[in-house]
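Please look over the structure below.

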Amino acid sequence: MIKRYFFHVEAYPSHALNVSLFLFRVSLGLIMAFSHGLGKIPVKASFVGFIAKIGFPMPELFAWGAGLSELIGGFLIAIGLVTRLSSLSLAVTMAVAGFLAHANDGWAKQEFPLVYMICFLFIFLVGPGKYSIDGLISNKN
């Protein structure tokens with residue numbers, strides 16, 4: 001059941017829906033990778049210190065996890081490979097950013113990561129669409 005959900009791609013009959021999912025997934029993934037992930041790798045001491053400040057144990061590990069989630073996860077979503085796992089990882093990362101990292105910054109700072117979180121949850125739930133590497137793999141099974 002879990003394998004089927006994570007690695008099965010729904011065959012949506014609408015060409016417009018599949019193209020829309022493709023454009024949404026690619027743009028969201030590349031924006032995340034280049035705008036957020038690229039600047040976090042390699043992890044800087046200030047980011048590790050911030051992760052420690054908000055209460056995470058092993059802050060260097062969690063800093064690398066967040067940075068790699070944004071960089072590699074963004075690229076994987078863009079190409080549509082292990083899309084659901086990557087989008088779930090990024091949804092969790094964005095939830096941490098919205099609810100913990102920016103908890104005291106007010107809504108203006110919380111809104112952006114929470115909108116990302118919702119977008120990644122959407123991709124997690126509907127899948128990558130037909131025009132993805134996951135779609136190619138799913139059709140061969």
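What is the volume of the largest pocket? In this predicted model, the largest pocket has a volume of about 510 Å³. Its lining is made of 25 residues, and those closest to the centre are Phe47, Ala66, Glu70, Thr93 and Ala97. Four helices each supply at least two residues of the lining: α3 (45–53), α4 (59–79), α5 (83–101) and α6 (107–126). Of the elements that contribute, α5 gives the most, with 7 residues. Sorted by class, the lining of the largest pocket holds 16 nonpolar, 6 polar and 3 charged residues.

The side chain of glutamate 70 meets that of lysine 40, at 2.8 Å from N to O. Glutamate 70 belongs to helix α4 and lysine 40 to the loop between α2 and α3, so the pair ties together parts that are 30 residues apart in sequence. A search of the whole structure finds 1 salt bridge. Side chains of opposite charge can pair when their charged atoms come close. Is glutamate 70 buried or exposed? Glutamate 70 counts as buried because its relative accessible area is 5%, and the cut-off for buried is under 20%.

The surface has a nonpolar patch formed by Val19, Phe22, Leu23 and Tyr131, which together have about 320 Å² of accessible area. One of them, leucine 23, is found in helix α2 (residues 15–37). Leucine 23 counts as exposed because its relative accessibility is 51%, and exposed means over 50%.

Note on methods. Residues numbered from 1 in each chain as written. Predicted model: local features only at pLDDT ≥ 70, side-chain atom pairs only at ≥ 80, totals over all residues. Heavy atoms only, no water. 1 Å grid on protein atoms, 1.4 Å probe; cavity = no way out; pocket = protein on both sides within 12 Å on 5 of 7 lines; lining within 4 Å. Points joined across faces, edges and corners; volume = space filled by probe spheres on them. Nonpolar A, V, L, I, M, F, W, Y, C, P; charged D, E, K, R; others polar. Patch = residues over 30% accessible without salt bridge, like charges linked within 9 Å, V, L, I, M, F, W, Y side chains within 5 Å. Areas by Shrake-Rupley, 256 points an atom, 1.4 Å probe, with all protein chains shown as cover. Salt bridge = Lys/Arg side-chain N within 4 Å of Asp/Glu carboxyl O. Buried < 20%, exposed > 50% of the residue type's maximum accessible area, 1.4 Å probe, protein only.
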